[in-house]
Amino acid sequence: MTRTVILLLGLGLLGGCSDSWNNPYPGSPSDVNVLYSAFGERPKHLDPARSYSENEAEFTGQIYEPPLQYHFLKRPYTLVPLTAEAVPKPRYFDAAGRPLADDAPAAQIARSVYEIRIRPGIRYQPHPAFARDATGRYRYHALDAETVADKRQIADFEHSGTRELIAADYVYQIKRLAHPGLSSPIFGLMAEHIVGLKALGETLQQAARARPAGKLDLNDFPLEGAEVVDRYTYRIHVKGKYPQFIYWLAMPFFAPVPWEAEVFYAQPGMADRNLTLDWQPVGTGPYYLAENDPNRRMVLRKNPYFHGETYPSDGSDEDRAAGLLADAGKRLPFLDAVVFSLEKETIPYWSKFLQGYYDSSGISSDSFDQAVQFSGGGDPQLTDSMRDKGIQLVTTALPSLWYVGFNMLDPVVGGLGEDRRKLRQALSIAFDYDEFISIFLNGRGIPAQGPIPPGLFGYVEGVAGLNPYVYEARDGRVVRQPIETARRLLAEAGYPNGRSARTGKPLVLYFDTMASGPDAKSRLDWMKKQLDKLNVQLVVRGTDYNRFQDKMRKGNAQLFEWGWNADYPDPENFFFLLYGPHKKVASGGENAANYDNPEFNRLFERMKDMDNGPARQQVIDAMLEIVRRDAPWIFAYYPKSFGLRHGWVMAAKPNPMAKNTLKYRRIDPRLRESRRAEWNHPVLWPIGLLALALVALIAPAAIAWRRHERKTA
Amino acid sequence: MSFMPVILWTDALILALLAGVLALVWFIRRHEHLRAPWRNVAQRPMAMGAALVLTAFVAIGLLDSLHYRERLPDSPPDAPQYSVEVLSVFDALVGELRTQQEKTYSAPLATRLYAKEFVERGGVTVRDYPRLQYGGAHLAHASEHLPDVVRRSLIGLAQGLAASLLLFGLLAAWQARRARLVFGAWLTAWWLGQLGWPGRTAAGMMALLLVLAGVIMQLAAGYHVLGTDKVGQDVLYISLKSIRTGLVIGTLTTLVTLPLAIGFGIAAGYFRGWVDDVIQYVYTVLNSIPGVLLIAAAVLIVQVYIESNPELFDTAAARADIRLLALCLIMGVTSWTGLARLLRGESLKLRTLDYVEAARAFGVSHARIISRHIFPNVFHLVLIAIVLDFSGLVLAEAVLSYVGVGVDPTMYSWGNMINGARLELAREPIVWWQLGAAFAFMFTLVLAANLFADGVRDAFDPRLGGRR
Amino acid sequence: MFAYILRRLLYAIPILIGVNLLTFALFFVVNTPDDMARLQLGVKHVTPEAIERWKAEHGYDKPLLVNAEAEGAAQFTDTIFFKHSAAMFAFEFGKGDDGRDIANEIQTRMGPSLAIALPVFVIGLMVNITFALLMVFFRATYLDLWGVVLCVVLMSISGLFYIIAGQYFIAKLWNLLPISGFAGGIDGLRFILLPVLVSVVAGLGSGARWYRTIFLEEIGKDYVRTARAKGLSEVRVLFRHVLKNGMIPILTGAVVVLPLLFMGSLITESFFGIPGLGSYTIDAIQAQDFAVVRAMVFLGSFLYIVGLILTDISYSWVDPRVRLQ
C-alpha cells in the first residue's frame, strides 16, 4: 500500500517537475500571452440566431461582429460602428410610401428604413467551409459520411480558407431568424417589427413540411424587409417607428453568417460529430473558437484575418486618469488566446484565482470579507492581503433589476383599489432590502427606487430620484421609511396589527421563489423575518423553474421574486415589463405581475417612440410616479458587479452592455509567471507527517509479528 | 387552550413506530428465547454505550416530534386563531435559543459579529465588528469574556457531575435492592465489572452525557455555543433540530422497506415459480435504475402535488413534512431489494427443511407455514438489516440534499447545513462552525448507530456470534 | 456456456423495456413536453408558437403512450415513448435536447470516468485487503480491536466531508495538487490523484471491515486448521490459504460493479470537475434533458445486467461445482 502511494506520488511529481504541483494547466508554459478564465455552465447555443444568454455572449461576442457595437469607454452607453461605416439613421415613410421628415409624429410613420453600409475588406476567420482547390471549387462542400467519420473537430480538416464579408451575409442571417428548424428566441419579437419576417416564417414552415428530407436554401426565399442594395450595402425595413431597433443591431442576432458555413455543416455525418454552426461558429471577429470541448475547456484564438481595429482614443478625463487610455490607438486584439475552463463549484474557482491560475474573478458574497472592506466613506477597498498580492478591484452597476412582484390578479394583494395599494406599499417598506444587500450581497447592490437601473436614460441619482412611498430624504441621504409607517399603512389597508379588521383572521401571504442552492435556506428565513415585523405571516414556497413558470402563466402566485437584465440601454426595455397588453396571463407577455393601469399604458405608448431628452424625461417621471404609488413590484435592488483582477491584467473598464470586450484586454505574462511560482510552493511537512504516522502504526505491528514468528518457530 | 396540537404525517408515523417498538419490547420480554440475544447485546460495553447515546438522540427527536401551533395574542376567545408557525415541545424547552437571532455570522462563544459593519461610535461612523445582540450581551467589558466562559463551564461541569452522581446513586440503590445485595457489595461488583452488564461503561457514558449537557446549557444561556449562521440563527439550535430529520429518515424509510422486503422476499423464495419470476423482474428493474433519478423524480412529483393542492398544506411545516415523508417513501421503495434478495435466498433454503415439508404435507395453510416456520427463522436477518441500514440512510440524506433532491430547503437538516457550508469554506477567515457542528452531530449519531448495529449483529448472527 | 449467456441477454430485454417504461413514466408525470421546451428555449420572449416548433423539431409533439388518432400498430408506434425508445435497443441514443450527439458524448466521457473509477477500484481493493489481512493477522490483539474501531469511525463520516477536507487541505492549504480539473494523458495524473485518494480513504472503513469478516470466516474452517497442524507458519497459512480462498467471495462480489465503473461517480465527478458520465447524468437531471437521462439509465441498467451475468460466470469459473444452466 505504501509502495503504491509512493510510486503514484513519484509519478505525479515526474509529470509536474517543470511547474508548480498544483498547476491546473500542465504542459502549457505560463509565460504565454494567454488569458485564463472559466465558465460555469456549458453554453447551449453558439449559433447567433439562437444564442441569447449571458454566458453564451461571452463567446459569441468575441466571434461574431454585428454592424454596431457599444463604445468601450463612453457612458451613458453609446453605439458606434463596428463593421458598418456609420451608425445608420432611419428614414421614415408613410403608408403610401412617401418619405417623411425625421420629426414626423409616430402615428404617421408606416415604415422605417435602416440603410447599413459595411466597410469593405473585412474577412472571415480561417475555416474549411471557405477552402477551395486549385480549380477554385469548394473543397469540402460535397463530402460523404465516410470522409467526415474521422473528423472530430474543425482542426481535423486539412485546408481552410477565408472570404470577404459582404452585405448579403447580413441579410442571410436575418432570414435565418425565421427558420423553423432554428427556433430563434427573438423570432416572435422581430416578426412584429421587421416587414415580411412573419410571412417568411410561415413560407419556410410550409416548405419544410412539403420537403421533410430536403434542406432549405434560404437564398431561394426573398424577405421583403431585408434587401441587398449592393455588395456592401443592405437595408432593413421596420414596421412603424421602433427607435429601439438600432440597439438590436449591436447584438449577435444581426451578425453575418456565410452561406458556405451552412452548406458545409449540412453535409451528412457532420451533426453526429457535433460539427454544427451551433457548436463551431464562423465569424469575422477578433477571435475564433479553436477548441470546443464544453465538458472541459473552450479556447478562443486570435483570428489571423481580423480586419484590424484600434483601441479607442476618445475617453473621459477619468478614464485617462485610470490609465484606460494607455493603449489608445494600438492594434486590437492584444491576447493570442483565451482559455476558458469548466468550473462549476465556487470553492475551486476562488482557490484557483488566489493561486493565480485565473486572471480575474467575480467575488461571491461569501469570499467577500477576505477581498474587500469599506473605507470610512463607504467606498469599497481591497483588504491588505489582497493588495499585497497586487490584486485590483473593479466595480460597476449593472443594467439589471431584481424585484418582488405582486400578482395584480390576486384578490388579497392585487388590484388597483386604495386598500390593496396601501397593503403593497406597507410590504414594500417592510422588506428591508438595504439589509438584504448588506447580508447576502455584501453591499454589492443599490436599493432600487423604481424600475430603471442606473446607466440608463431616465435614472435619477440620489435624493432627487428616491421612491417617496418607501424612502425619505434625511440630511441629504436616502433612508428607508420607519416600520411604523408600514404598520400605519397596513392598518389603513384593513389589517391592523396583521389581522383582518373584518374577520379578525391573521393575514397570511404566500411567496414563491426559485431560490435554490446553498444560500436558499438563509434567504427564505430572511424573507419570513421581514414580515414578522408587521405581524404578517409569510409562507415561502420554494419551487423549481418549470413549476414557477407555470404559476406565472396561470397567475396562481401571490408574491414572487424575479429579475430582468437589460437587452439594450433604453428605459422602454424595463417599462414594457409593466405594460398592460403584455400581461403574462392570457397574452403570454413579459408582464408577470399582470399590472394594467390605463394611464400608465397610455404614457408608455407615448414614451417608447420618443427620443431621449427633457420631454421624454417628463413622461418617464410621470410613469415612475404611477408605478411607485401603485407598487405592483417591490423594487428590490440593482445588482452591482465587483470584479477582481490580478496585477498582471492591464486596466480595463467593465462594460456590461458590450459583450465583445476581450479584444481590449491585455496582460503581462512574465509577471504572472513569477507570481504563480511565488504563491504555489508546495507544503511538504504533511507528507512527512503522514509517512511518520504510517511508520508509527506499522512498527509495533511488525515488532509483534517478529516476536510471534520467533515464538512459533 | 393556548395552543393547538398539530400532528404532522411523520409525527403520526413516528408515534406509531414508537408504539410498535414498545409492543415488541413487551413481547420479547415475555419470551425467553427472544430475550437471550438481547441480553447478549446488553453485555457488550460498546453497544451499551452507543445505545445510551442513541437514547439521548431519540429523546430529543421525540420531543421535537410533538408539534403545536401557538394561539395568537388577542384573538377572540370564541373563534381562536393560531400562528402559522408550527413549533414543537423541544422548541418550547429550549426557549430563547430559537428566538435570539443575531444579524449574521458569529463565531462560537463570540461576543461580536464575524463581519465588519459600519457602526456609529461617538458620532463617527467606523467599520468594526459590532457587538452581538444576545451573545455575551450580559458582559460589560470584553475582558470579562474568558473568565465568564470558564465560570459557566465549571458550573455546568459541577451540575452535570452532581446530576450523574444522583442518578447513579438511585440506579445503584434500585439495582442493589433488585439483586438483594448490600449497597456496598453492589458497588464493589460494579467497580470490578462483575455485574453481568457493562455497568462502568454505562455509568461513565451517562456522566459524560450529563456533564456535556450541563456545560452546554450553562453556556447557551449567555452565548451562541456553536456560533450563528448566515442569518444569525444559533447553530446549536439548528443542529439539534436536525436530529429529528436524521432520525425520521433513518427509521421511517426502514418502516416502508420492511413490508415490501419481507413480503416479496419470502413470497419469492417460498412460492417459487412465476411469483419468483415476477418479483425478481421487479427488483432487477428497480435495482438497475440509478437511485438519484428515482428520488429526484419522486421529489418533483410531490412538489407538483403540493402546488396543485395548496389548501391541504396550510403551513410551511406541513409542506416540508410531506416532502420528507415522500423522501422516506421513495428511499424505502428503492432500498428494499437488497433485503428481499437475502430473504428470498433464506426462504428457498428453509422451505426444503423437513419440518416445513412435513407441515405442507399435512395441508397446513401457506399463511400459517410462513408465519410460524419461515418468518421467525429469518427475523434476525431483518433486525440486522434494520440497524445496519439506519446509518447509511442518515448519511444518504446529506448527499441527496447536496444534489438538490433531498429534504425541503427550509427544513433543518445536516444535509442542508453541509450544503450551506460549501460557500462558507470559501470565505477567509473561513466559517467552519456550521460544517463542524453538522459533522460532529452526524458523526456521533452514525458512529453510535454503527457500534450498536455491530453489537446486534454479533449477538444475533449465529455464524459470526461466537467468533470474536 | 454460450447458450446460457445468450439466454440471459434475451432475458435482459423485458427488464430494459421495464426500465424504460418506468423512467418514461417518472419523467413525464412531472415534466410535460411544454416544460421541456420552455426550459430549453430560455426565459425571455418565449412565444407559444416557438414552443410548438421546438416540440415538433424534437419529436415531442405526439401523444405520450397511445396515439388514438392513428390506425393499427401505429397507435403504439406513433408516440413519444416508442419513437424515443425503440432505437435504444440498437444503442442509437440520438441527440440530447441541446443538440449534441449522445453516443458521441458517452464515448468521450467514458475515458475520464474510467480514469477515476478504475484506480479507485483497484487501489481500493488492494488497500482494503491489506488492511483486512493485517487485522486478521493480529486478531484478538489491541491492533485488531482498534483497527475495527478505526473502520467504524471511518465509515461514520459522510463522504462529503472527505471531499471537502481533501480539497481544503491538500489542494488549497498545502498547494500539493490541483483542486479540480482534468486533462488527458500523463498530464492528467495530477488531477486524478486527489479524487482517487479521497475515494479510497472514504471506502476504506466499510471495505476493510467487510473483508476482515470474510477472512475470519475462512480462518475458522477445517482446512486451515489442518494446514496449521502440518506446521505451516502463520504467514504462509494466511497468504497461501486464507487469502486465496477469501478472494473468491471478494472478487465475485466485485465483479458485479465492474461494468458500472463506466458510469462514474456522481458526487466525486461534480466536485472535482471531472468531465465524465457521472457529471453528465447530474447535469442532465438538472437541465431536465430527457433524452440524456433516458440514455444514461438505459446504459446503466444494461451494464448492471452485464455485471450480473459476469458474476454468474465468475462463480462457475472459480467453483466448478456451480453449473450454468
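Which residue is the bridge partner of A:Arg297 in E13(A)? The bridge partner is A:Ser341. This is a predicted model, in which local features need pLDDT of at least 70, side-chain atom pairs count only at pLDDT 80 or more, and totals for chains, interfaces and linings use all residues. Residues are numbered from 1 along each chain as its sequence is written, chains are lettered from A in the order in which they are written, and side-chain values use heavy atoms, without hydrogens and water. The points below cover a sheet in chain A and the contacts that chain C makes with chain A and with chain B.

**The sheet in chain A**

- Four strands of chain A form an open sheet in the order E1-E13-E10-E9, with mixed pairing; strands (E, at least two residues) and helices (H or I, at least four) are DSSP runs numbered from the N terminus.
- Strands of a sheet pair through backbone hydrogen bonds, either parallel or antiparallel, and two strands count as paired here if DSSP finds at least two bridges between them.
- The edge strands, each pairing on one side only, are E1 (34–39) and E9 (287–293) of chain A.
- From one strand to the next, the twist averages 20°.
- E1(A) runs parallel to E13(A) (residues 337–342), and six bridges pair them; A:Ser37 has A:Phe340 of E13(A) as its bridge partner.
- E10(A) and E13(A) are antiparallel and share five bridges.
- E9(A) and E10(A) are also antiparallel, joined by six bridges, and they form a hairpin with three residues between them.
- Within that pair, A:Leu289 is bridged to A:Leu300 in E10(A).
- Helix H2 (residues 54–63) of chain A lies across E9, E10 (297–302) and E13 of chain A, at about 140° to E9(A); axes are lines fitted to C-alpha atoms, for helices over the stretch in contact, and angles run from 0 to 180 degrees between N-to-C directions.

**Chain C with chain A**

- In this contact (heavy atoms within 4.5 Å), 62 residues come from chain C and 75 residues from chain A.
- About 5,900 Å² is buried between chain C and chain A, with 53% from carbon and sulfur atoms; buried area is the accessible area (1.4 Å probe) that two parts lose on being put together, summed over both.
- Two salt bridges link chain C and chain A, a salt bridge being a side-chain nitrogen of Lys or Arg within 4 Å of a carboxyl oxygen of Asp or Glu.
- One of them joins C:Glu105 and A:Arg42 (2.8 Å, N to O).
- Helix H6 (residues 102–137) of chain C gives the most to the side of chain C that touches chain A, with nine residues.
- That side of chain C has 29 nonpolar, 17 polar and 16 charged residues; Ala, Val, Leu, Ile, Met, Phe, Trp, Tyr, Cys and Pro count as nonpolar, Asp, Glu, Lys and Arg as charged, and the others, Gly among them, as polar.

**Chain B with chain C**

- Here 42 residues of chain B are in contact with 39 residues of chain C.
- Chain B and chain C bury about 3,800 Å² between them, and 76% of that area is on carbon and sulfur atoms.
- The count between chain B and chain C is one salt bridge, and C:Arg209 meets B:Asp454 in a salt bridge at 2.4 Å, N to O.
- Helices H10 (273–288), H11 (291–308), H14 (366–403), H15 (414–424) and H16 (433–460) of chain B each give two or more residues to the side that touches chain C.
- H16(B) gives the most to that side, with 11 residues.
- By class, the side of chain B that touches chain C has 30 nonpolar, four polar and eight charged residues.
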